[in-house]
Each structure stands twice: as structure tokens, then as C-alpha cells.
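I'm opening the notebook on this one and starting with overall dimensions.

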Amino acid sequence: MKKLWSKTNIGTMELPHRLAMAPMTRSRSQEDGTPGELTSLYYAQRASMGLIITEGVQPSDDGQGYLWSPGIYTDKHIEGWKKVTDAVHKAGGYMYIQLMHAGRMSHPDNTPHHRQPVAPSAIAPGVEMFTAKGMQDIPVPRELSEEDIQTTIADFRKAAAAAIKAGADGVEIHGANGYLINQFIGENSNTRTDGYGGSIENRARFAIEVTKAIVEEIGAERTGFRISPGTPLGGIQDGEQGPELYRYLVKELAKLDLAYLHVMHLGNEKLLQDIRSIWTNPLLVNRAGRALEDLSVDIDRGLADLVPVGVWSLANPDLVERLQKGAPLNEADPTTFFGLGSKGYTDYPTMEELESQEG
């Protein structure tokens, strides 16, 4: 894993190694979407990961999907995130705030205004959503008008500016995993007949326009983008044109000279190789279920420049040190992934803490 521990530059950051903390929903914000003190501690504990990509953060009331997820569009949100970024920076890390508009992956019971979710087309995802009343079917969303689309792009722009004001080193645009941008890309979730649907170019248009707006606002060197080709989350199907659409999208995003591209990879090796050849800037590759001993394989092969790690970094605040020393890892407790205060959030022990307990 020698190359894994080499330094690298991404955007405005000089990173100490090639690991990063992957974005993971934790549902522990205050009811108004403001991150609290526990959030500052959670991320600061993991600052040795170098680059931390936060959980999905909604850019507007319409963008919220889950209960207790954080926002970045009010003064209180900015104040809350400023405490988080300050804590991470003080501990020696960097932080990108992931901008995530859930689109149709929402429920009126989970949002501040209790309105119908929005999406490119009035098509329900066919899955359930956790709410305060328990699991409920996600309703049919309201189709965004072209005017609504422009408002949503403006929301992303404002949220990016707010993230930088809150001290973030940059933002990651969440174009993956079944959320709004991915819903425009999906063949079965976007049946529009205007300039945002139909052809490959039209289905990629919203993603590109959001990115251009954010680049104009905060700079390409502070902007990353996440994709998940072929991932069926949220009922999304790319269709036969999916690989070609992603080649087109990556080619267009490459023209913007972004800080990085983050790929959630599920097995189309030819497409990943094509993306690597198109994308000359830093590439982050996240392989779900990757074995620990295979962490550096994509870096060694030249397919990736950085490896985002999820559950292992959740359960091991000192993951970097454990890997470097070949120490055993804490096991993650899935029952505490979402919304249970400090338990399973900030109470995973470091090696040092375990040694002192044993001593």
C-alpha cells in the first residue's frame, strides 16, 4: 500500500495520503437542519482522513429527503457548519460539504414546508421512506417546471456560497444514488419532452448547468462532482444509453476543470477505464464492499488518485493510524448508523483509548 500513503494535491488542498472519508448519511442534525456540537466532534475525530466529504446537505427546503439531515441555506446553518469546519481544520483536516437535493426521494412529513416532493417527472420511485410515523410510501412527486429548474439551480449556487462562507474547503455536487440530479439522468425517472429530457445531452443538461453555476460562484478548484453509473438506488435505471450518457457527462464536466470527480463504482470496468481516460483531473473511486487488502488496487493501477472510505472510517476515528500499523479495526454497528445521538457516532474508541482501558 506504499502509494496509498503518498501525498497528493487536489484543488486547493495538499493531502497527506490517498484516503478520504466518504459521505455517509448520519441523521443527527437539529430539527431545523443545523449541525450541532456532536457533528463537530464526529468529523474532527476523523480529521486524519485528510479530505472529509460530509453527509448529504440540502440546499433548500425542497431539497430535504430525510429526517434530521443538515442544511446549508440559512444563517443558522452557516453558523453551525462554521463550528464543524473550524474543528476539522484545527485537527488538521479538510472538509468538502456535499450538496444533495433529494428530489423525489422525500416525504412531506420530513420537510419543513410539508409539500409534495419535486422531480424531473411526476413518477414515484416505488420505495418507502422513513418518517416520524414510521415507514411510508413515497408519494408521486410534482414535476418541476422550467422556471422551477432555474430556481433550483440558483438554490445550489447559493448553497455553495454558503458552504464556503461556513469555512468549507469546497463542495461536492451529489449527482448520484437516486437523488435529484441522478433523477434527471435516469431513463425511467425523466420522461420530459422539453430541453431537460429525451436525448443524452438533455438528460445531462441539469447536472452540467448546476455545476457551471457553482463553478461561477466559488471556483472550479473548490468543486467536486459525484456520479454512480449503473447504480439502481432510488429506483433509477440508466437504460441502454447509460454508459454513453456518462461518457458524455464526464467529458462536459472535464471542460470545467473541477477539483475532482467521485465515482461510486459497481462493476462496469470498461466504463471506469473510459472515465479515467476522459477525466485527467483527480479521480476518486469508491467501490462498495471492497476488501481491506484491496484498498490501494485502483491507485496502484492508475485508475484512481484517491480512495474514499465509508463504514470503516465511521467506526474507526483513527483509521489511518490503524491501517499504517496493521492494527485490528472496530466493527461498525449498523443499528446506530442513523439518528441516535452519540451512540455509534462519537463513541467509537481509538487504539489509544482501548489500550488505556486494557491497561
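**Overall size**

I checked the radius of gyration first: a compact globule of 359 residues would sit near 21 Å, and the protein has 19 Å, which agrees. That radius is taken over C-alpha atoms, and the globule rule is 2.2 Å times the number of residues to the power 0.38. The C-alpha trace spans about 65 × 45 × 35 Å along its principal axes.

Ground rules for myself: this is a predicted model, with local features needing pLDDT of at least 70 and side-chain atom pairs counting only at pLDDT 80 or more, while totals for chains, interfaces and linings use all residues. Residues are numbered from 1 along each chain as its sequence is written, and side-chain values use heavy atoms, with hydrogens and water left out.

I looked up the secondary structure and got eleven helices and 14 strands. These are DSSP runs numbered from the N terminus (helices H or I, at least four residues; strands E, at least two).

UniProt, in an unreviewed entry, lists residues 9–330 as "domain: NADH:flavin oxidoreductase/NADH oxidase N-terminal"; such annotations may be inferred rather than shown by experiment. Over that stretch I get 34% helix and 18% strand, with the end C-alpha atoms 30 Å apart.

**The sheet**

I traced an open sheet of eight strands, with parallel pairing, in the order β13-β12-β11-β10-β5-β4-β3-β14. Pairing here needs at least two DSSP bridges between two strands. β13 (283–287) and β14 (307–309) are the edges; each has a single partner strand, so one side of each lacks a neighbour in the sheet. Strand-to-strand twist averages 25 degrees.

Helix α1 (residues 37–45) packs on this sheet and touches β3 (19–21), β4 (51–57) and β5, its direction making about 145 degrees with that of β4. Contact means heavy atoms within 4.5 Å; axes are lines fitted to C-alpha atoms (for helices, over the stretch in contact), and angles run from 0 to 180 degrees between N-to-C directions.

I then zoomed in on β5 (residues 94–99) and β10 (residues 170–174), which run parallel and are joined by four bridges. Ile-97 stands opposite Val-171 in β10.

**Helix packing**

How do α3 and α5 pack, by angle and axis distance? Helix α3 (residues 146–165) meets helix α5 (residues 200–218) at about 35 degrees, with the axes 9 Å apart. The α3 side of the contact includes Ile-149, Phe-156 and Ile-164, and the α5 side includes Phe-206, Val-210 and Ile-214.

Next I took α5 with helix α6 (residues 242–254): the angle is about 35 degrees and the axes are 10 Å apart. Among the residues that meet are Ile-200, Ala-204 and Ile-208 in α5, and Leu-245, Tyr-248 and Leu-249 in α6.
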